[in-house]
Amino acid sequence: MKNLDELVLSRSQELIQTVQESVRIPSICSAPQPDCPYGREIGRTLDHALHVAQSLGFHTVNLDGKVAWAEYGDGEEIVGAMGHLDVVPPGENWDFDPFCGDIVDNHIRGRGTQDDKGPLFSSLFALKALADSGVPLKNKIRIIFGLDEESGKMRDVTAYLESEGPWLMGYTPDGEYPVINAEKGALKFIGKTNFTGNLPGKITPLSYNGGESTGSVPAKAEALLSGGKRELEEAKGILTKMAAELHWPISTSWHDSHLKISVMGKAAHATLPGLGVNAIGRLCSLMAKLDMAETYRRFFRFIGENIALSPDLSGLGLAASHPHTGDITCNLAQLKGDNNNASFFVGIYIPAETISFEDACSKIKSICLKEAIVLDIQTQMAPLLVSPQSRLIQALSRGYKSATNEEPRLLSMCGSTYSKKMPNMVPFGGAFNDEPDFAHGANERVLIDRLLRSTCIMAHALRELAND
């Protein structure tokens, strides 16, 4: 039998080229097309992935563009990995083309290199190494190409389960090493409110918006204000002074007789809001200080200061933490509104073994109702917590130790991955916890040496899963 690590490295250039090619396809969810239910670009990315899998000698299945997979082996039970080819929009502040796929300083650069194209193709090439090794396998292995993760809807998982049913066990390469056994619960909603009645005030918010993706901390937010020339000049002075005192980068400009405000923040993954700076929160906090109707001011104060600028939810009295499962976090990702109504998107991530998930959801709904905000729930998924003694965690732990000669430790993850909907799954790789996290932020890139190391670890993990 051949050495797994040597087999991985023997195809390193193929893996690198595959990731580059996939990154160059801007696979952002868009309007459905024939045979492409999540949009044409995601369809193109899937076609590319299936072509690569077939060229590696794997049998492939495509369920009408909803989900697809490559498989190897003849066992009755199925194990494997499910990652996603869809990506979030690039957002602001990139130093290079987000879809370039170039190699600079031993990094492959572009959206999806970390989340999740790089890790997913690592799993595929890990399976190729395992297939070429001659190791006997008890279970069939599938590498599932997910296509609808970033929307939060995960219709691809639904399609798979309706067609195939649950597998024995597997992982999603959408986390980090060594081994993750806990994932926060998620409450995601659209909040809506209307501004009615007599709304006195010198300043009126004609329009305001921010955020490109529900999965990112918004890096930019803007508002267009109306009022008298003198009042708008006063507002400009107030905003400029406050921003300077707070060291918040803003710009103002005139559009006809209206004042436009642009506020900058810093993008980050929605589940790690502490790594970013919420531009919507800054904008709303500034707007709440202007001479406008109290109805507007109260709304901007609430979503700006109590939600967007309170990523630990202390603004709503819900801060909670656990030494293993982590902190409760909150991200106000998108805002759109005018002088008549407003809507915004919020993701709240609640760790296991802290506060009751159901109680937290109920309290959040009640608080919003008191603020005359109606909630349209998009996602409500309880936390994931898998026993360290489970068959799945033990197999992944053996795989990690076999590949690295290191004793694995268990981690908790902030995000919501396929593990919430696909039974018998946890996140495993492909990031390492000592490297920068660029997922959902600007300048996403992956170090090639780490990509190859991750592929080796996945090959060992797939072997353990297939023979458990």
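Asn106 is found in the loop between β4 (103–104) and β5, where helices (H or I, at least four residues) and strands (E, at least two) are DSSP runs numbered from the N terminus. Phi of Asn106 is near 65 degrees, a positive value in a residue other than glycine. Asn106 counts as partly exposed, at 31% relative accessibility; buried means under 20% relative accessible area, exposed over 50%, and partly exposed in between, with a 1.4 Å probe and protein chains only. The model is predicted: local features need pLDDT of at least 70, side-chain atom pairs count only at pLDDT 80 or more, and totals for chains, interfaces and linings use all residues. Residues are numbered from 1 along each chain as its sequence is written, and side-chain values use heavy atoms, with hydrogens and water left out.

**Backbone features in loops**

A positive phi is also found at His247, near 60 degrees in a residue other than glycine. His247 belongs to the loop between α6 (229–246) and β13 (250–255), and its relative accessible area of 68% makes it exposed.

| Cis peptide bond | Omega | Loop |
|---|---|---|
| Asp115 to Asp116 | near 5 degrees | Asp116: between β5 (107–109) and α4 (117–133) |
| Tyr177 to Pro178 | about 10 degrees | Pro178: between β8 (175–177) and β9 |

**Overall architecture**

The protein chain holds eleven helices and 24 strands. Its radius of gyration is 24 Å, close to the 23 Å that the globule rule gives for 468 residues, so the chain is as compact as a globular protein of that length. The radius is taken over C-alpha atoms, and the rule is 2.2 Å times the number of residues to the power 0.38. Along its principal axes, the C-alpha trace spans about 80 × 45 × 40 Å. Of the 468 residues, 57% count as buried. Among contacts with a separation of 6 or more, 77% are between residues 24 or more positions apart; contact means heavy atoms within 4.5 Å.

**Strand pairing**

Strands of a sheet pair through backbone hydrogen bonds, either parallel or antiparallel. Here two strands pair if DSSP finds at least two bridges between them.

Strand β1 (residues 59–62) runs antiparallel to β2, and four bridges join them. The bridge partner of Asn62 in β2 is Ala68. Five residues separate the two strands of this hairpin, and Asp64 in the turn has a positive phi of about 55 degrees. On β2 there is a further pairing, with strand β6 (residues 140–146), in the antiparallel sense over five bridges; Trp69 stands opposite Ile144 in β6. Four of the five residues of β2 (residues 68–72) are buried, so this strand is largely enclosed by the rest of the structure.

An open sheet of three strands has the order β20-β9-β21, with mixed pairing. Both β20 (384–385) and β21 (410–413) stand at the edges with a single partner strand each, so one side of each is left without a neighbour in the sheet. Strand β9 (residues 179–183) and β21 run parallel and are joined by four bridges, with Ile180 opposite Leu411 in β21. Helix α10 (residues 391–404) packs on the sheet and touches β9 and β21; the directions of α10 and β9 make about 150 degrees. Such axes are lines fitted to C-alpha atoms, for helices over the stretch in contact, with angles from 0 to 180 degrees between N-to-C directions.

**Aromatic rings and charges**

The structure holds twelve aromatic pairs. Rings of Phe, Tyr and Trp (its six-membered ring) pair if their centres lie within 6.5 Å; planes under 30 degrees apart count as stacked, over 60 as edge-to-face and the rest as tilted. Tyr171 and Phe428 form an edge-to-face pair, at 5.4 Å centre to centre and 70 degrees between the planes. This pair links distant parts of the chain, 257 residues apart: Tyr171 is in strand β7 (residues 169–172), whereas Phe428 is in the loop between β22 (425–427) and β23 (430–432). Tyr171 counts as buried at 0% relative accessibility, and Phe428 likewise counts as buried at 0%. Ring pairs also link Phe195, Tyr208, Tyr296, Phe299, Phe300 and Phe344 into a cluster.

Arg109 lies over the face of Phe96, at 4.0 Å from the ring centre. The charged end of Lys229 sits over the ring of Trp254, 3.8 Å from its centre. A charge sits over a ring if NZ of Lys or CZ of Arg is within 6 Å of the ring centre and within 35 degrees of the ring normal.
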